[in-house]
Amino acid sequence: MPLRVTFLGTAGAIPTTERNPSSIFVAREGDQLLFDAGEGTQRQMMRFGTGFSISHLFVTHLHGDHVLGIPGLLQTMAFNDREEPLAIHAPRGTRRQLKSLVNALGNRPSFPVRINEVGDGDVAFSADEYEVRAFETDHDARSVGYALVEDDRKGRFDREHAEELGVPVGPKFSKLHAGESVELEDGTVVDPEQVVGEPRPGRSIVYTGDTRPAAATIEVADDPDLLIHDATFADDRADRAAKTAHSTARQAAEIATRAGADRLALMHLSSRYAGHTADHLEQAREVFDGEVFLPDDGRELEISYPDS
Ligand SMILES: [Zn+2]
Ligand SMILES: [Zn+2]
């Protein structure tokens, strides 16, 4: 089951010639989800070939560099005769503002747009095998982060052992794997625990949006495969990070360590660091043992299962 992340925009508040404002595209099987939509997001979707078939847009907060792409994106969707509904999830208390963006210049989308306000701990969207949870962040606006968390998968089926126990190859295998006991012809009962291993964890991606280091980031998912964290500044401007409700790369790395993350993507770099990212990486690596990277716009990432 492929799970792919495409970084559409990785800039801080002001875009650069290399970086678009914040937006992240996630594809999981048939589902396409967008997290934030800074100005120009629709062109990034074209450039990097993601398509426009998103069903959900998750907004971390209503600062322009995270939402100004919404009106243009919705207009293009309408030009394309979209009929499928779109759900927009956003922090509690932002519905009115968001509505004014959706209906900018008197525009009325040709398709239903549903706005869903979420707060800390809410499940914004629940699908068959995963959910997207909102969690509390610490920014100078109403804000949340989001975590895509997959359900546990069934344990491994020990085929060899099942055969040793005399289970005939066929439907009884599936029954056992689905958690049901089966009775053999000689009356012996085989329980699933005998042939099915422990449930295996699914994958998870955590995206903070703009924030100071926030404790909820650590709790929202167990050992996330990928943490995408605000790293607007390096150590040289740690005071500015605190003042403007952002994080430094080092702080992002501390959160990644405490969350048990596998990989850390540093996002939302201030334009003052354009072309100078060495400090961010170095300072993050001093406190985080996992993989740290600073994605460019267009960077794609496949998330594999922890046990694969
Ligand atoms: Zn921002
Ligand atoms: Zn912001």
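Reply: Start with helix H11, residues 278-285, where His280, Leu281, Gln283 and Ala284 are buried. Buried means under 20% relative accessible area, exposed over 50%, and partly exposed in between, with a 1.4 Å probe and protein chains only. Helices (H or I, at least four residues) and strands (E, at least two) are DSSP runs, numbered from the N terminus. This is a predicted model, in which local features need pLDDT of at least 70 and side-chain atom pairs count only at pLDDT 80 or more, while totals for chains, interfaces and linings use all residues. Residues are numbered from 1 along each chain as its sequence is written, chains are lettered from A and ligands numbered from 1 in the order in which they are written, and side-chain values use heavy atoms, with hydrogens and water left out.

Me: What do the buried residues of H11 pack against?

Reply: They pack against helix H10 (249-259), strand S14 (263-267) and strand S15 (291-293). Contact means heavy atoms within 4.5 Å.

Me: Next, sheets. What is the order of the strands in the open sheet of seven?

Reply: Strands of a sheet pair through backbone hydrogen bonds, either parallel or antiparallel. Here the order is S6-S5-S4-S3-S2-S1-S16, and the pairing is mixed. Strand S6 (113-118) and strand S16 (300-302) stand at the edges with a single partner strand each, so one side of each has no neighbour in the sheet. From one strand to the next, the twist averages 20 degrees. Two strands pair if DSSP finds at least two bridges between them.

Me: How many bridges join S1 to S16?

Reply: Three bridges join strand S1 (residues 3-9) to S16, and the two run antiparallel. Thr6 stands opposite Glu300 in S16. Helix H4 (residues 95-102) packs on the sheet, touching strand S5 (86-91) and S6, and its direction makes about 155 degrees with that of S6. Axes are lines fitted to C-alpha atoms, for helices over the stretch in contact, and angles run from 0 to 180 degrees between N-to-C directions.

Me: Which residues line the largest cavity?

Reply: Rolling a probe the size of a water molecule over the atoms shows where empty space is left. On a 1 Å grid over the protein atoms alone, a cavity is a set of points where a 1.4 Å probe fits but cannot get out, and lining residues have an atom within 4 Å of a point. The lining consists of Ile24, Val26, Phe35, Tyr146, Leu148, Ile205, Val206, Tyr207 and Ile228. S12 gives the most to this lining, with three residues.

Definitions and conventions
1 Å grid on protein atoms, 1.4 Å probe; cavity = no way out; pocket = protein on both sides within 12 Å on 5 of 7 lines; lining within 4 Å.
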